[in-house]
Amino acid sequence: MSANIRDVAEKAGVSVGTVSNVLNHREKVSPDAVRRVREAIEELGYVRNDAARQLRVGRSSTVGLVVLDVRNPFFTDLARGAESEAARHGLSVILGNSDDDVEREAGYLDLFEEQRVRGILISPYREIGPHLRRLRARGTPAVLVDRRSEDEQFSSVSVDDDHGGWLAANHLIETGRRRILFTGGPFDIRQIVDRQAGARRAVDGADGVAFETLPTPGASVADGRSTGDAIAARPRQDRPDAVFAANDLIAMGVLQGLAGRGIRVPDEIAIIGFDDIVFASAAVVPLSSVRQPSQLMGETALRVLLEEIDDPTSAARQIVFEPELVVRASTASAMPGPATGR
Ligand code: RIB
C-alpha cells in the first residue's frame, strides 16, 4: 500500500501538520524540518493525493490560465510571470491554449471548473462569453489578462494597445515614412483592433501620410510572410514605405517575405512590430517594436486573482500598463520628418 501523510510524519519525526506545511506553506517550516520531511517523502515514495485534499477543502491548489496562442513568446513570458507568482503562494498553473478558437476556450473553462481550480486568468478570443460569466457566477474568480475588460465586473491587466499603436505609427512618421501599411488579424482580437486605431490616430494627426490596412487570418509568422509577399508583388510605386505589424511574429514574417524578394529593410520599407518578444532583437534586421511588460502583466494578474480569491467581494480593477517604444535597425531613419503631437 502506498505511504500516506502519517507515515511521512512518523518517519520524519514531525507532526502531520508540519508535513502539510512543507507541502503547502514551506515558508512556515524550519529548514531542518523541510529536509527531514523531504527525505522521508523520498524514502517512502509518498505522492500527495490532491483529489482527496480537493474533496476536503473544496478547491485544488491550481490556477487555470487560457492564452490565445501558446506558440507566441509573448504568452509564454506572460505565463512565466503568472507561474512564478503562483509558486510564491504554493499554487501551480495549468495552461490552456485556445488557439483563437472560442470552442477550445470554452472547453478549457469547463475543464478548469471540473478541476476546481482556485481561479482563472484568461485572454479571451472575443468578448467575455457566457461560459466565463457562468463559471464566475458559480464561484470561480476570473481575471482578464492581455485585454482590458469591457465589463467592469471583471478585473483585467493589460497594456494600452491604442497608445502602443500610436507610438508605432508616430515613430514611422518621425523617421520620414509617408505610406504606412498596418497588417494583422484576426480582428476578433480587440488588442489588434486597438493597435490599428492608435496607428490611425497618429496618421490623422500628421500631414501628408497615407494609411492602409492589409488584414491577415491570424497573428503568426506565416501570416506576416503572406503580407510580405503581397507587398513585394506590387509595382514598386504602389508599395508602402513602412509596415506596422500587429505583433512581432507577424513582423518577422513580413521581414522574411520582403527580404526573400530582395526588398531592403529599412532602406526601402521599414518594419515595426508589437510585444518586443525575445526574437525581435535577434532578427536578421533587428526589429523595432512596442514593448509589453509581459512577465510583469502575468505576475500582476495572478496577484489580482489571489486578492479576489481571498475576498470575492473586492471591487474589480482595470490595471493598464504603458507600452514602450523600442527602436532598432528595422526602422532606421529614412529622412528627418516633422514632429507630431499626440
Ligand atoms: O495574440 C495577438 C497579440 O495579442 C499577441 O501578439 C499579443 O500582443 C496579444 O496582446
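**Ground rules**

I number residues from 1 along each chain as its sequence is written, and I leave out hydrogens and water, so side-chain values rest on heavy atoms. Because the model is predicted, local features need pLDDT of at least 70 and side-chain atom pairs count only at pLDDT 80 or more, while totals for chains, interfaces and linings use all residues.

**Entry 1: salt bridges**

I took a salt bridge as a side-chain nitrogen of Lys or Arg within 4 Å of a carboxyl oxygen of Asp or Glu. By this rule I get 27 salt bridges.

I looked up E43 and K11, whose closest N and O atoms are 3.2 Å apart. Helices here are DSSP runs of H or I, at least four residues, numbered from the N terminus.

I then checked accessibility, where buried means under 20% relative accessible area, exposed over 50%, and partly exposed in between (1.4 Å probe, protein chains only). E43 is exposed at 55%, and K11 is partly exposed at 48%.

For R71 and D69, I noted a salt bridge with the closest N and O atoms 3.0 Å apart. R71 is exposed, at 60% relative accessible area, whereas D69 is buried, at 9%.

For E85 and R88, the closest N and O atoms of the salt bridge are 2.7 Å apart. I place both residues in helix 5 (residues 73-88), three residues apart, about one turn of the helix. E85 is buried at 5% relative accessibility, and R88 is exposed at 52%.

I also found one network, in which salt bridges that share partners join E127, R147, E150, R190 and D194.

**Entry 2: helix 1 and helix 2**

For packing I used axes fitted as lines to C-alpha atoms over the stretch in contact, with angles from 0 to 180 degrees between N-to-C directions. Helix 1 packs on helix 2 (residues 16-24) at about 105°, their axes being 8 Å apart. The two helices are therefore roughly perpendicular; I counted angles under 35 degrees as roughly parallel, over 145 as roughly antiparallel, 65 to 115 as roughly perpendicular and the rest as oblique.

Contact means heavy atoms within 4.5 Å. In this contact I5, R6, V8 and A9 of helix 1 meet V16, V19 and S20 of helix 2. I sorted these residues into five nonpolar, one polar and one charged. The classes are Ala, Val, Leu, Ile, Met, Phe, Trp, Tyr, Cys and Pro as nonpolar, Asp, Glu, Lys and Arg as charged, and the others, Gly among them, as polar.

**Entry 3: helix 10 and helix 11**

I find the axes of helix 10 (residues 221-232) and helix 11 (residues 248-260) coming within 6 Å and crossing at roughly 40°. Helix 10 is thus oblique to helix 11. Among the contact residues are G224 and G228 of helix 10 and G253 and G257 of helix 11. The contact divides into seven nonpolar, six polar and two charged residues.

**Entry 4: helix 5 and helix 12**

I went back to helix 5, whose axis comes within 7 Å of that of helix 12 (residues 294-310) and crosses it at roughly 40°. This makes helix 5 oblique to helix 12. I logged six nonpolar, five polar and six charged residues here.
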